[in-house]
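Keep the sequence and the model at hand while reading. The paragraphs below go through one chain, then the places where chains meet, and then a few single residues.

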Amino acid sequence: MVTALFFLFAGLAIACAISLVYHKNPLYSAVSLIGVLVSLACIYVTLAAPFIAAVQVLIYAGAIMVLVVFVIMLLNLEEDRPLNRLRYLYAVGGGLGLILLAQTFFIFYAVSRVPKQPVNVDETVGETLNIGRAMYTEYLLPVEIVGILLLMAIIGGVILVRRLAQPELTLVVDNELARRNEAEEIGDYRIGL
Amino acid sequence: MEPSLASYLALSGILFTIGTVGVIFKRNAIGMFMCIELMLNAVNLTFVAFSRYYADVTGQLFVFMVMSVAAAEAAVGLGIIIAFFRNRISVDVDDASILKN
Amino acid sequence: MEAIAKTIFPIVVLFGAATIAFGVVLMIVAYTVLAERKVLGWIQGRIGPNRVGPWGMMQPFADLLKFIFKEDIVPDKSTKFIYYLAPIIALTCALMPMIVYPFGPAITTIDWSFLPFGLDEGIERLPLTIGQIDVGVLFVLGITSVGVYGIALAGWSSNSKYSLMGGLRSSAQMISYELAMGASIIGVVMLAGTLDLNGIIYAQMASPFRWYIIPQFIGFVVFLIAAFAETNRVPFDLPEAETELVAGFHTEYSALKFALFFMAEYVNMFTVSVMVVTLFLGGWYIPGLTHIFEMGSVAYAIASFVGFLLKISAFLFLYIWIRGTLPRFRFDQLMNFGWKFLLPVALANVIFTIVIVYFLNK
């Protein structure tokens with residue numbers, strides 16, 4: 001039963017991940033990523049980690065990805081432009097992908113060869129009570145650090161998006177448009193980009 | 001019967017590979033951001049799998065930390081993307097290569 | 001044979017229970033729609049629908065038939081896959097929380113030995129919850145927060161400016177009010193010491209106040225306001241503001257796809273009402289009922305369930321009443337209210353509760 005569920009959701013996750021990279025439209029990519037996140041949450045449930053699964057749906061799918069979708073809709077992004085300058089990146093990406101894939105198979109092979117150790121069937125590890133207890137006793141310092149990190153992120157986000165002086169910003173955009181038109185006329189794609 | 005630890009690690013490795021390739025192939029800042037999230041999730045899966053097979057809560061706590069970092073990353077990263085879009089009317093990372101303006 | 005029966009039996013029971021729960025909820029929702037039209041009619045000095053069946057009781061079915069037979073129009077420039085996906089996400093995410101809701105106390109007095117193949121082995125109680133999980137509160141919050149994609153994606157994929165505005169507004173609104181909603185629940189979770197919905201009800205039974213609305217009144221008010229915003233109801237129905245955005249995110253939807261959105265909105269109302277009742281009004285628990293009926297008996301379960309439904313109906317009526325009374329917020333007012341008033345109040349409530357719980361446990 002658990003094996004069947006694992007292969008179902010693993011297949012779903014991989015399919016969604018491939019579609020995330022394949023699609024040029026950012027909103028399609030976002031929907032695919034949501035698919036990956038939800039499948040992983042289901043796998044976490046089969047791994048007896050219900051708290052992490054719920055938090056995964058709540059934080060990743062419910063907050064971070066809503067923000068991403070919001071930004072995509074707000075900026076009204078078009079399709080990705082084909083890569084015309086850094087063409088060698090395809091080779092680099094493909095090579096790196098192959099190396100990582102080989103490494104994955106090596107890990108699979110190596111871990112499978114280890115004589116079977118008994119699965120620890122302690123189902124209570126993932127319960128909220130145990131996670132909360134560990135979080136506020138043994139791992140209190142990391143939790144505090146993460147809290148400060150989040151505070152810094154909030155301040156940073158506000159400062160980044162704050163509009164300083166409206167006229168200046170429009171000027172910048174005008175310049176940018178003029179620069180691009182000029183570059184297009186000359187036909188110099190290096191300046192145009 | 002349960003799937004072995006190796007199969008979880010394999011799934012995680014495949015997802016991580018796809019994420020890495022995506023970061024390199026995508027030219028769109030939001031697309032790259034999403035691929036990075038995918039890589040973080042692949043790592044999270046190994047944490048939870050190890051936590052299950054060693055009956056240790058530490059792995060799950062680490063997942064929690066990674067999620068918090070991802071949330072912080074989303075806040076700052078999307079802020080940068082919006083600020084960049086305001087100046088360049090584009091989220092293409094190639095457009096970030098020019099220091100002029 | 002016996003082995004097969006024993007494997008399949010729990011799955012069949014779960015599927016049956018889920019089907020019954022979804023069916024009952026959809027029936028309740030259908031009559032909520034009718035009640036809304038009736039009550040709004042009375043508020044405005046009209047009669048309301050009264051043509052189909054006695055007192056218009058068959059109106060929901062007439063509406064459904066009408067939705068089915070309407071022409072299904074798909075906008076030419078829409079993004080097809082996401083356009084079809086959006087209403088499905090909306091309704092699925094609205095119905096999912098039913099799986100963890102406790103609809104009544106566990107029944108312990110039935111003798112299960114009449115079941116064939118020795119299926120009764122190990123069954124002692126019949127819990128009136130489909131799946132009792134450790135993190136029920138987080139599950140409900142997570143699923144409802146995923147529900148926003150239905151609206152946001154519908155707005156984006158229709159390729160219409162009104163829809164896009166509706167979708168944008170709804171994602172911004174959901175993110176803002178979810179924070180206040182989550183913060184208002186923390187007080188209850190701290191008092192109960194569990195995230196399990198059944199556990200929260202039992203904790204309320206054991207507490208001296210009986211219902212958490214008394215120690216957590218601020219949390220209750222914040223949760224109720226945030227719940228109105230989460231379900232996109234008046235006065236927070238900006239995603240579909242008729243006077244500005246035609247119909248908001250579902251402008252381009254017709255026939256049964258529109259019906260799915262419509263149902264999702266009312267199922268969400270029901271879902272959130274159940275949540276309010278469970279967290280703050282003791283769920284199915286009615287103080288003093290154990291003096292009349294024996295704990296664990298069928299009669300006790302039925303009485304509790306009826307009380308539960310009455311509490312939910314009261315909240316559904318409140319929804320309709322407010323819709324007939326209040327005007328709509330402006331968008332900047334909505335954001336200011338959510339971030340500058342509701343969230344600080346909810347956080348203050350959390351800190352206050354922390355202090356109280358600390359001194360109680362000392």
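This is a predicted model: local features need pLDDT of at least 70, side-chain atom pairs count only at pLDDT 80 or more; totals for chains, interfaces and linings use all residues.

Chain A has 193 residues, and 39% of them are buried. Its secondary structure consists of eight helices and zero strands, so that, read from the N terminus, the order of elements is α-α-α-α-α-α-α-α. Among the contacts in chain A with a separation of 6 or more, 55% join residues 24 or more positions apart.

Next come the contacts between chains. Two pairs of chains are in contact, and of these chains A and B share the most contacts. Chain B and chain C do not touch; the distance between their nearest C-alpha atoms is 13 Å.

Take the pair of chains A and B. On the side of chain B, 78 residues take part in the contact, and they meet 90 residues of chain A. The size of an interface is often given as the accessible area lost when the parts come together. For chain B and chain A this buried area is about 7800 Å², with 74% of it on carbon and sulfur atoms. Within chain B, the residues that lose the most area to chain A are B:Met34, B:Arg52 and B:Arg86; together they account for 10% of what that side buries.

Which elements of chain B give two or more residues to the side that touches chain A? They are α1 (5-25), α2 (29-53) and α3 (58-88) of chain B. The largest share comes from α3(B), which supplies 25 residues. Sorted by class, the side of chain B that touches chain A holds 48 nonpolar, 18 polar and 12 charged residues. How many salt bridges are there between chain B and chain A? The count is zero. A salt bridge here requires a side-chain nitrogen of Lys or Arg within 4 Å of a carboxyl oxygen of Asp or Glu, so the 12 charged residues on the side of chain B form no such pair with chain A. Polar contacts do occur: six residue pairs across the interface of chain B and chain A qualify, with both residues at pLDDT 80 or more.

The other pair in this account is chain A with chain C. Here the contact takes 22 residues from chain A and 24 residues from chain C. Chain A and chain C bury about 2100 Å² between them, and carbon and sulfur atoms carry 81% of that area. The number of salt bridges between chain A and chain C is zero, while three residue pairs are in polar contact, both residues at pLDDT 80 or more. On the side of chain A that touches chain C, the elements giving two or more residues are α2 (26-46) and α3 (50-75) of chain A. Of the residues on that side, α3(A) gives the most, with 15. By class, the side of chain A that touches chain C has 18 nonpolar residues, three polar and one charged.

C:Ser176 belongs to helix α6 (residues 161-192) of chain C. Is C:Ser176 buried or exposed? The relative accessibility of C:Ser176 is 4%, so it counts as buried, the limit for that class being under 20%. A polar atom of the side chain of C:Ser176 lies 2.7 Å from the backbone oxygen of C:Ala172. Leaving aside residues up to four places away in sequence, C:Ser176 touches C:Met335 and C:Trp339.

The other two residues lie in loops. C:Arg210 is in the loop between α7 (197-206) and α8 (217-230) of chain C, and C:Asn232 is in the loop between α8 and α9 (242-245) of chain C. Neither is a glycine, yet the phi of C:Arg210 is positive at about 70°, and the phi of C:Asn232 is positive at about 60°. As for accessibility, C:Arg210 has a relative accessible area of 35% and is therefore partly exposed, whereas C:Asn232, with a relative accessible area of 4%, is buried.

Note on methods
Residues are numbered from 1 along each chain as its sequence is written. Chains are lettered from A and ligands numbered from 1 in the order in which they are written. Side-chain values use heavy atoms; hydrogens and water are left out. Contact means heavy atoms within 4.5 Å. Buried area is the accessible area (1.4 Å probe) that two parts lose on being put together, summed over both. A polar contact is a pair of N or O atoms within 3.5 Å; within protein, one must be able to donate a hydrogen and the other to accept it, and residues adjacent in sequence count only if both atoms are side-chain atoms. Helices (H or I, at least four residues) and strands (E, at least two) are DSSP runs, numbered from the N terminus. Ala, Val, Leu, Ile, Met, Phe, Trp, Tyr, Cys and Pro count as nonpolar, Asp, Glu, Lys and Arg as charged, and the others, Gly among them, as polar. Buried means under 20% relative accessible area, exposed over 50%, partly exposed in between (1.4 Å probe, protein chains only).
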